[in-house]
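Visitor: I am new to this structure and would like a short tour. Could you take me through it step by step?

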Amino acid sequence: MSRLIVIGGDAAGMSGASQARRLNPDLAITVYERTSWVSYAACGVPYYVGEDVQELRQLQARTPAQFARMDIDVHLRHEVTAIDIAAKTVTVNDLDTDTISNEPYDLLLYATGARPLLPPIEGLDLDGVFQVRTLDDAIAVRAALAEPPQHAVVIGGGYIGLEVAEAFHNLHIPVTVLEMADTVLSRTMDPEMGELVATQVGELGIVVNTGTRVSRIIGEDGHAVGVEAAGITYPADIVVLSLGSAPNSALAGTAGITLGRTGAVAVDDHQRTSAEGVYAAGDCAEELHRISGEAVNFHLGTIANKQGRVAGTNLGGGNASFPGVLGTAITKVDDIEISRTGLSLSEATAAGFDAVATGLRSSTGSHYWPKATQMRIRAVVDRVSGRLLGAQIVGGPGSGKRIDTFAVALWEGMTGADLEYVDLSYAPPFSGVWEPVNIAGRKAASVLV
Ligand SMILES: Cc1cc2nc3c(=O)[nH]c(=O)nc-3n(C[C@H](O)[C@H](O)[C@H](O)COP(=O)(O)OP(=O)(O)OC[C@H]3O[C@@H](n4cnc5c(N)ncnc54)[C@H](O)[C@@H]3O)c2cc1C
């Protein structure tokens with residue numbers, strides 16, 4: 001009987017294990033996961049912190065017992081510490097008993113995810129300083145909120161940092177976001193849109209300070225009391241670090257598996273790595289960007305689940321290819337919806353396109369619809385071919401998911417002119433008779449050289 005070992009028991013690993021099982025009932029499947037959790041929704045952590053989600057168990061899609069019924073053997077608190085690609089074995093440390101064993105595999109799925117980036121500053125080990133990556137982090141933050149903090153500081157203004165700030169805001173805890181870059185969401189949105197988000201989030205009462213590099217976290221008696229940045233001390237009895245993440249690829253790299261230019265594991269379209277029988281999927285693996293044609297490494301649950309399924313199909317004896325990504329993502333802060341797909345203007349320019357961005361102010365309903373809210377759409381277009389390269393949206397309720405229409409247009413290589421006349425839906429509560437996405441297409445078409 002062939003033996004499949006999966007390293008990492010979350011989105012990519014468990015999608016892969018489940019799909020391999022569906023296709024091949026005879027495969028012996030063992031999953032090693034170093035935390036106490038399997039198949040959990042990290043995406044839900046900010047919403048658990050903010051008490052939108054009450055029970056932690058709601059964030060778990062399936063338990064080890066459920067996987068056991070699928071004949072998938074999940075070992076929690078087991079860390080894989082080495083891979084021997086010549087001998088086809090992994091070294092596993094049982095973290096509870098500190099027992100080390102070498103386990104043989106015929107097939108291996110490397111799905112170790114990403115690790116949070118930490119700032120090189122003092123004070124990270126103080127009580128009251130948290131990350132929001134795992135369910136254990138979620139438990140720790142919720143426990144710290146039992147005694148309501150007076151002031152919260154979130155270091156990092158990416159989408160997770162903003163979601164955590166929203167959580168504190170909803171709990172009526174005064175919160176400040178400190179961001180080193182000149183705008184929030186600087187890695188995913190163009191500065192104009194990031195500034196718009198920062199302004200609107202600020203109007204909610206969440207303080208957003210951009211261009212602010214944190215120099216240390218100040219402690220008293222072992223507990224955080226403030227954050228020092230640019231000569232200013234921000235009071236903080238709870239601090240959340242949210243500076244982005246890097247692929248967990250060191251274990252693979254040490255084993256001699258090829259890493260790509262992004263530092264993540266290089267894979268082909270079947271999720272195969274450079275080592276025979278070894279596949280990789282999720283945050284730890286690269287993917288092809290469908291617009292730039294370059295290998296990228298996005299950390300998104302959407303991609304992890306799909307790559308895991310493709311890997312699992314191939315591991316189970318089927319034949320599937322991963323078609324690449326656009327980096328489509330969405331979030332919200334209170335009623336502000338924020339979404340993006342494809343390339344930002346700077347990314348498009350860096351990728352060699354003669355790119356230009358067009359802007360549009362519009363509304364989520366007809367001008368007379370009382371609940372209509374404002375939205376701003378930005379489309380990035382190749383001035384030579386007219387092809388759409390990216391889009392970003394910031395607006396009120398009902399605006400954000402319009403990004404999916406742009407994503408399909410980008411996926412299919414459509415031009416702005418193509419998008420202008422796509423037959424999209426209309427009724428007054430949903431849009432003007434000219435849907436804003438159609439108008440964005442028209443505007444994009446108007447800037448061709
Ligand atoms: C707070 C937060 C909010 C998010 N929100 C969204 C969202 O709204 N939308 C979206 O698309 N994405 C979101 N994401 C990203 C999404 O959660 C990740 O892309 C997804 O979880 C990646 O799945 P993965 O299986 O590749 O990695 P992970 O979920 O990181 O799982 C990898 C697992 O491998 C384990 N592991 C690592 N090394 C070893 C080892 N050596 N031995 C054993 N086990 C090991 C880890 O403990 C971990 O459980 C969010 C992430 C966070 C942290």
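**A guided conversation**

Guide: Leu419 is found in helix α11; helices (H or I, at least four residues) and strands (E, at least two) are DSSP runs, numbered from the N terminus. This is a predicted model, in which local features need pLDDT of at least 70 and side-chain atom pairs count only at pLDDT 80 or more, while totals for chains, interfaces and linings use all residues. Residues are numbered from 1 along each chain as its sequence is written, and side-chain values use heavy atoms, with hydrogens and water left out.

Visitor: Is Leu419 buried or exposed?

Guide: Leu419 counts as buried because its relative accessibility is 1%. Buried means under 20% relative accessible area, exposed over 50%, and partly exposed in between (1.4 Å probe, protein chains only).

Visitor: What separates the C-alpha atoms of Leu419 and Ala329?

Guide: Those C-alpha atoms are separated by 20 Å, and Leu419 and Ala329 are 90 residues apart along the chain.

Visitor: Turning to the ligand, which residues come nearest?

Guide: Asp10, Ala12, Glu33, Tyr40 and Asp283 come nearest, out of 32 residues around the ligand. A residue is near a molecule or strand if one of its heavy atoms lies within 4 Å of it.

Visitor: How do the residues of that shell divide?

Guide: They divide into 17 nonpolar, nine polar and six charged. Here Ala, Val, Leu, Ile, Met, Phe, Trp, Tyr, Cys and Pro count as nonpolar, Asp, Glu, Lys and Arg as charged, and the others, Gly among them, as polar. Elements that each supply at least two residues of the shell include α1 (11–23), β2 (28–33) and β4 (78–84).

Visitor: Which atom of Tyr40 lies 2.6 Å from an oxygen atom of the ligand?

Guide: It is a polar side-chain atom of Tyr40. For Leu300, a backbone N or O atom lies 3.1 Å from an oxygen atom of the ligand. For Arg34, a backbone N or O atom lies 3.2 Å from a nitrogen atom of the ligand.

Visitor: How much of the ligand's accessible area does the protein cover?

Guide: The protein covers 92% of the 990 Å² that the ligand has on its own. Accessible areas come from the Shrake-Rupley method with a 1.4 Å probe; for residues, only the protein chains shown count as cover.

Visitor: Now the salt bridges: how many does a search of the whole structure find?

Guide: The search finds 18 salt bridges, each being a side-chain nitrogen of Lys or Arg within 4 Å of a carboxyl oxygen of Asp or Glu. In one of them, Glu79 pairs with Arg34, with the closest N and O atoms 3.1 Å apart. Glu79 lies in strand β4 and Arg34 in the loop between β2 and α2 (45–49), so this pair ties together parts that are 45 residues apart in sequence.

Visitor: Which salt bridge does Glu228 form?

Guide: Glu228 forms one with Arg216, the closest N and O atoms being 3.4 Å apart. Because Glu228 lies in strand β14 (residues 223–229) and Arg216 in strand β13 (residues 214–220), the pair ties together parts that are 12 residues apart in sequence.

Visitor: And where is Leu185?

Guide: Leu185 is in the loop between β11 (175–178) and α6 (191–203). Leu185 has a positive phi of about 55 degrees although it is not a glycine, and at 3% relative accessibility Leu185 counts as buried.

Note on methods:
Polar contact = N/O pair within 3.5 Å; in protein donor to acceptor, adjacent residues only side chain to side chain.
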